[in-house]
Amino acid sequence: ERPVRPTEAGRIATQYAQEIFGRIEELQNRLAEIRDSKAGRMIIGASTSVGSYLLPPLVVRFKRLHPGVELLLRIAPRALVYEDLRMSRSDFAFVLATTPPPSLCFVPLRAERLVFVCSPRHLLARAKRVKLKSIIKETFVTAGQHSDYVSMANEVLRSYGIENYTVAMELDNMEAVKSAISLNLGIGFLPLLGVRKELRTGEL
C-alpha cells in the first residue's frame, strides 16, 4: 500500500494547529497562575489616607506571599481613583467613603473611626469630655476639600446641623496637618488609621 502523506496545505495546517494548541495551553497556564495569585500584574487604586497609612504593610505581606505578582499601587484623591476604575486603569481600589460611588460596585470592608485631635497643649486636651459645640468654636487645620476624610468629616458635621466652621490653615497632606495641629496651630478631624502613632506617643 502506498503511504498516506499530507499535502503541502495539510502540513501547513498541522503546523499552525500545533502552534495554536500550544498557545491555548500557555494561556490556560497563565490564567491559572493569575487566578492562584502566583503571577500576573495587579493595579490597585487607593485614596490618599488609605494608600498612605493602611495599605503599605498589607502590600508588603501580599508580595511576600506572592512574589510572582507584579503589584502597582496608585495613590490619588478619591475622585481620580473612581475615574481610573471607570476607565479600567485600575483593577480595584480602596477608599474612605460614606456613600457608594456612582456606576461602580462597592463593597464595605470595615468602619473607620474619624477622631477629633488637638495638641496636648490645647485647652480642650485637658477636658475629660468635649462637646461638639465647644469644638466648632475653635479654628481648624484641614487638608482641603479634595481629601477623602475632610469630605467625610463635613458629612458628619452636616448630620448634626453644622454647615460651617473656621479654617485656620488648609494644607495639602495629612502629615502637614498633623504637624500643624501638634504645634497648636489649630484642631482637626482625622481618620484614626492616620494618627495611631501620634496618639500612642502623645504628640496629639
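Modeller: Start with Ser-88, in the loop between H3 and E3. Both names are DSSP runs numbered from the N terminus (helices H or I, at least four residues; strands E, at least two). This is a predicted model: local features need pLDDT of at least 70, side-chain atom pairs count only at pLDDT 80 or more, and totals for chains, interfaces and linings use all residues. Residues are numbered from 1 along each chain as its sequence is written, and side-chain values use heavy atoms, without hydrogens and water.

Colleague: What makes Ser-88 stand out, with its positive phi?

Modeller: Its phi is about 60°, although Ser-88 is not a glycine.

Colleague: Why is Ser-88 called exposed?

Modeller: The cut-offs are under 20% relative accessible area for buried, over 50% for exposed, and partly exposed in between (1.4 Å probe, protein chains only). Ser-88 has 62%, so it is exposed.

Colleague: Why does Asn-184 count as partly exposed?

Modeller: Asn-184 has 30% relative accessibility, so it falls in the partly exposed class. Asn-184 sits in the loop between helix H6 (174-182) and E7. It is not a glycine, yet its phi is positive, about 65°.

Colleague: Why is a space called a cavity rather than a pocket?

Modeller: On a 1 Å grid over the protein atoms alone, a 1.4 Å probe fits in a cavity but cannot get out; a pocket is an open set with protein on both sides within 12 Å along at least five of seven lines. Lining residues have an atom within 4 Å of a point. By this rule there is one cavity of 30 Å³ or more. The largest cavity holds about 70 Å³. Its lining includes Tyr-149, Tyr-165 and Gly-188. H5 gives the largest share, four residues.

Colleague: Which classes make up that cavity lining?

Modeller: Nine residues are nonpolar, two polar and none charged. Nonpolar covers Ala, Val, Leu, Ile, Met, Phe, Trp, Tyr, Cys and Pro; Asp, Glu, Lys and Arg are charged; the others, Gly among them, are polar.

Colleague: What is the volume of the largest pocket?

Modeller: About 760 Å³. Of its 30 lining residues, Ala-93, Phe-94, Val-95, Val-107 and Leu-109 are the closest to its centre. H2 supplies the largest share of this lining, six residues. By class, 27 are nonpolar and three charged, with no polar ones.

Colleague: What makes up the lining of the second largest pocket, by class?

Modeller: Nine nonpolar residues, with no polar and no charged ones. Among them are Leu-114, Phe-116 and Tyr-160. Strand E4 (114-117) and H5 each give two or more residues. This pocket has a volume of about 220 Å³.

Notes
Grid points are joined across faces, edges and corners, and a volume is the space filled by probe spheres set on the points.
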